[in-house]
Amino acid sequence: MLIKTDKIIFLIDVNSAYLSWEAVYRLSTGQTTVDLRDIPSAVGGDPEKRRGIILAKSYPAKDYGIKTGETLYAAFQKCPNLKVVKPSYGLYSQCSDAMVEILREYSPSVQRFSVDECFLDYTSMDKHFGSYMEAAKEIQSRIQNELGFTVNIGISTNKLLAKVASDLKKPNAISTLFHHEMPEKMWPLSVDTLFGVGRATAPKLNRMGIYTIGELANADLDYLVYTFKSYGHVLHNYANGIDHAEVRESNYTEVKGIGNSTTISYDVTEHSDAHMILFSLTEKASMRLRAAGFMTSLVSVSIRRSDLTRHSHQKKLYFYTDSTLEIYRVIKFLFEEAWDGSPIRHLGVRLTGFIAHEHAPYSLFDPKSNQKHSHLDHVIDELRSRYGNQSIVRGSFLHSGFRPLTGGVIEEDYPMMASTL
DNA sequence: TCTGGGGTCCTAGGACCC
DNA sequence: TCTGGGGTCCTAGGACCC
């Protein structure tokens, strides 16, 4: 059934990633003999800091009806003795790296799609490692034996179908979804399980009388385009298993933006508090910017108010910079323009419009102070990387009650892009 | 039940230019 | 003079993913 020119693509997906990784870590360090995966458990935020949602859950917890994204409060209603542990993102990053290392042994073309998902192009690798099914089984058992967690593997001729395949059966399963299998395996599925169909699109499709992927595949293309514009084509293609995206050997130079944001444990109503938090967020974001070797030209600030409404405000710069103080000056200006004084729950900083540091043009608009700051920033970064982030703290943070580097979800840079294949 | 933090891409409207 | 069409850039917001 497969044509010779067809590619073979794997999607490797860690089963309940955060929870599995916590379980493995706790067992391997001897902290406990209880495997979190065997009891109703979850990785969740801190309710006292208003970050109380479920990030990952065990299968026993799922049996209680607990869902990812719901509040811890709601989860405890369903399961009062749910064991909840806090997330440790540095650990997840390491686990992810370890998995990628194994995957790269089976193909030079591995794309990290998120912290817990990778695409692997197995095309013409069969002469080295056997049939795709043999290779998938070997990868699966090696990850389990060497790293201690289980993965799902979806196999097809393109990324879209491989991704759908990986969800067909779990956990610890290998599934194929080739074109001839679509009517049986994919088309009966609810349309909202299709990649690209989310909270907004699914109800619209339902209103058009489309409830399954099969119905979407056979829907009138003109009508889809009329309703969804160019996205109508994408949806129609996906439902028909058509996708030409390449497995991209991802490297961090492809990163398009760096953001840092935080939910604050109280409603901020003072300018000075907001400024400290924004400075702290900016410091971390610009450290990552410098570490990646970029300069930014588009700076934006986002505000989520206590009523959960969101606003953002951005500014295109007529120069490139990677200076913490320079960026913060813009952030502060944007915040003051954007804030209407209502209580704030969440603040974010985002940097885009990158250019590689060495390609940044010299510009008359470049503030003179930039070079001086730039040198200082790099000295500070160097000290922090050598002696730890606490080794240098800006004076304004001393005795302020604010942390000098807010956020810091990840130590290593990895792309988290996921809304396109 | 009042919802984290990290991303990407698309679109619409306004400003501005020729 | 009161009126055109086309292009690009900028900004805000929405949709999607994990």
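In which helix is S141 found? S141 belongs to helix α6, residues 132-147 (helices, H or I, of at least four residues and strands, E, of at least two are DSSP runs, numbered from the N terminus). The model is a predicted one, in which local features need pLDDT of at least 70, side-chain atom pairs count only at pLDDT 80 or more, and totals for chains, interfaces and linings use all residues. Residues are numbered from 1 along each chain as its sequence is written, while chains are lettered from A and ligands numbered from 1 in the order in which they are written.

S141 is exposed, with 12 other C-beta atoms within 10 Å (buried means 20 or more such atoms, exposed 12 or fewer, partly exposed in between, with C-beta atoms placed from the backbone). Its C-alpha atom is separated by 9.5 Å from that of N172, 31 residues apart along the chain.

Helix α7 (residues 159-166) gives another picture: 8 of its 8 residues are buried, so the helix is largely enclosed by the rest of the structure. These buried residues pack against β1, β6, β7, β8 and α12 (contact means C-beta atoms, placed from the backbone, within 7 Å).

In the largest nonpolar core, of 65 residues, those touching the most other members are F10, I12, A42, F119, L120, I155 and L216 (a nonpolar core is a set of buried Ala, Val, Leu, Ile, Met, Phe, Trp, Tyr and Cys residues joined through C-beta atoms within 7 Å). Both domain 1 (1-182) and domain 2 (187-239) give residues to this core, so it lies between them; the domain bounds come from an automatic or database domain assignment. Apart from this core lies another, of 29 residues, including A285, M295, I331 and V349.

How values were computed. Contact = placed C-beta atoms within 7 Å.
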